[in-house]
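Please look over the sequence and the model shown here, and then follow the paragraphs below, which go from the chain as a whole to individual residues.

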Amino acid sequence: MPGKDMDRIRARSALETAREQPVITAIAALPVVAVLGVVWWLLGFWPALLLLLVFGGVVVWKGKLLG
């Protein structure tokens with residue numbers, strides 16, 4: 001199936017980019033880390049963990065929905 005091959009190629013190239021340029025990965029993850037830190041500071045660990053799990057679930061669900 002050509003669609004699956006293209007997804008593997010994109011995933012492999014994204015992983016290689018992250019390995020070669022970790023600053024790009026850090027810049028991309030910074031907003032998520034900042035929001036998590038603010039929620040943790042305001043509400044505590046468990047609400048921050050819950051927000052992280054919900055956000056991760058939405059990302060996975062949307063990725064499968066669009067893919």
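Of the 67 residues of the protein chain, 3% count as buried, where buried means under 20% relative accessible area, exposed means over 50%, and partly exposed lies in between, with a 1.4 Å probe and protein chains only. The accessible surface of the chain comes to about 6000 Å², and 74% of that surface belongs to carbon and sulfur atoms; such areas come from the Shrake-Rupley method with a 1.4 Å probe, and for residues only the protein chains shown count as cover.

This is a predicted model, in which local features need pLDDT of at least 70 and side-chain atom pairs count only at pLDDT 80 or more, whereas totals for chains, interfaces and linings use all residues. Residues are numbered from 1 along each chain as its sequence is written, and side-chain values use heavy atoms, with hydrogens and water left out. The chain averages a pLDDT of 84, and 85% of the residues score at least 70, pLDDT being the predictor's confidence in each residue, from 0 to 100. Where pLDDT is low, the predicted coordinates should not be read in detail.

The protein chain has three helices and zero strands, and from the N terminus on its elements run α-α-α; helices (H or I, at least four residues) and strands (E, at least two) are DSSP runs, numbered from the N terminus. Confidence is lowest in helix H1 (residues 2–20), at a mean of 78, and highest in helix H2 (residues 22–43), at 92.

For "transmembrane region", UniProt lists residues 21–42 and 48–66 in an unreviewed entry; its positions are given in the numbering used here, feature names are shortened, and annotations may be inferred rather than shown by experiment. Over residues 21–42 the model is 95% helix and 0% strand, with the end C-alpha atoms 33 Å apart.

Two residue pairs relate positions separated along the sequence. Leu-15, which is in helix H1, is partly exposed, with a relative accessible area of 46%, and its C-alpha lies 9.8 Å from that of Thr-25, 10 residues apart in sequence.

What makes up the nonpolar surface patch of about 320 Å²? Val-32, Leu-52, Phe-55 and Val-59 form this patch, and helix H3 (residues 45–66) gives the most to it, with three residues. Patches are made of residues with over 30% relative accessible area and no salt bridge, with like charges joined within 9 Å and nonpolar side chains (Val, Leu, Ile, Met, Phe, Trp, Tyr) within 5 Å; a salt bridge is a side-chain nitrogen of Lys or Arg within 4 Å of a carboxyl oxygen of Asp or Glu. Val-59, in helix H3, counts as partly exposed because its relative accessibility is 47%.

Rings of Phe, Tyr and Trp (its six-membered ring) pair if their centres lie within 6.5 Å, and planes under 30 degrees apart count as stacked, over 60 as edge-to-face and the rest as tilted. By this rule the count comes to two aromatic pairs. Phe-45 and Trp-46 form an edge-to-face pair, 4.8 Å centre to centre with 75° between the planes. Phe-45 is partly exposed at 36% relative accessibility, whereas Trp-46 is exposed at 62%. Ring pairs link Trp-40, Phe-45 and Trp-46 into a cluster.
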